[in-house]
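Have the chain open in a viewer and follow along.

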Amino acid sequence: MRRYVSDAAELTEEYGIQIGRWKQYRDLGPLPFDAMWCVIPPGGSSAEDVHPEVEFAVVTRGTAIYEEGGQKVEVPTGGVILLDPEQRHVIHNPSPVQPLTILSIYWMPRDAVAAADADSAAATTDGAGRD
């Protein structure tokens, strides 16, 4: 059994917030997903973000407000938001006193992985038998 706590994570400044990538936990070895802690200060917001991965974000402390194209969704502690690939979003911390902490788990969608595997296989086949 292993325990990981956001308060003890090594954080760096990214996307206008504090990020703690799970690669810092070397004892995990390879995982079928990537993950990071996201810590947003009281009253703060992330920069707008868009990425090719699916993102499953769990609010572990505070309340998050996710914004996309003017639409806002409130996610309380213990709540989850699922973002599709290429879905632009900004995360806001409405609290004037409490930091917001989110565990973001993300991965490439299956169709993108299958396409990359097919491209890799085609490149290997195309290169076979060449001098």
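In which strand is the place of F56? F56 sits in strand β4, residues 54–61. Strands here are DSSP runs of E with at least two residues, and helices are runs of H or I with at least four residues, numbered from the N terminus. Before going on, note that this is a predicted model: local features need pLDDT of at least 70, side-chain atom pairs count only at pLDDT 80 or more, and totals for chains, interfaces and linings use all residues. Residues are numbered from 1 along each chain as its sequence is written, and side-chain values use heavy atoms, with hydrogens and water left out.

F56 is partly exposed, because its relative accessible area is 32%. The cut-offs are these: buried is under 20% relative accessible area, exposed is over 50%, and partly exposed is in between, with a 1.4 Å probe and protein chains only.

Now turn to the rings. The structure holds 4 aromatic pairs. Rings of Phe, Tyr and Trp (its six-membered ring) pair if their centres lie within 6.5 Å; planes under 30 degrees apart count as stacked, over 60 as edge-to-face, and the rest as tilted. One of the pairs is Y4 with Y25, tilted, at 4.5 Å centre to centre and 50° between the planes. Y4 lies in the segment before β1 (12–14), and Y25 in the loop between β2 (17–21) and β3 (34–40), so this pair ties together parts 21 residues apart in sequence. Y25 is buried, because its relative accessible area is 13%. W22 and W37 form another tilted pair, with 5.6 Å centre to centre and 45° between the planes. W22 is in the loop between β2 and β3 while W37 is in strand β3, so the pair ties together parts 15 residues apart in sequence. Both W22 and W37 are buried. Y4, W22, Y25 and W37 form one aromatic cluster.

Charges come next. How many salt bridges does the structure hold? There are 4. A salt bridge is a side-chain nitrogen of Lys or Arg within 4 Å of a carboxyl oxygen of Asp or Glu. In one of them, R61 meets D7, with the closest N and O atoms 3.1 Å apart. R61 is in strand β4 and D7 in the segment before β1, so the pair links distant parts of the chain, 54 residues apart. R61 is partly exposed at 29% relative accessible area, whereas D7 is exposed at 58%. R21 forms a salt bridge with E14, and their closest N and O atoms are 2.6 Å apart. R21 is partly exposed at 27%, and E14 is partly exposed at 22%. R88 bridges to E48, with closest N and O atoms 3.5 Å apart. R88 lies in the loop between β7 (80–83) and β8, and E48 in the loop between β3 and β4, so the pair ties together parts 40 residues apart in sequence.

Two histidines close the tour. H92 lies in strand β8, residues 90–92. Its side chain makes a polar contact of 2.6 Å with that of S45, and one of 2.6 Å with that of E67. A polar contact is a pair of N or O atoms within 3.5 Å; within protein, one must be able to donate a hydrogen and the other to accept it, and residues adjacent in sequence count only if both atoms are side-chain atoms. H51 is found in the loop between β3 and β4. H51 is buried, because its relative accessible area is 12%. The H51 side chain reaches the backbone oxygen of E53 at 3.2 Å. Beyond residues up to four places away in sequence, H51 touches P85, E86 and H89, where contact means heavy atoms within 4.5 Å.
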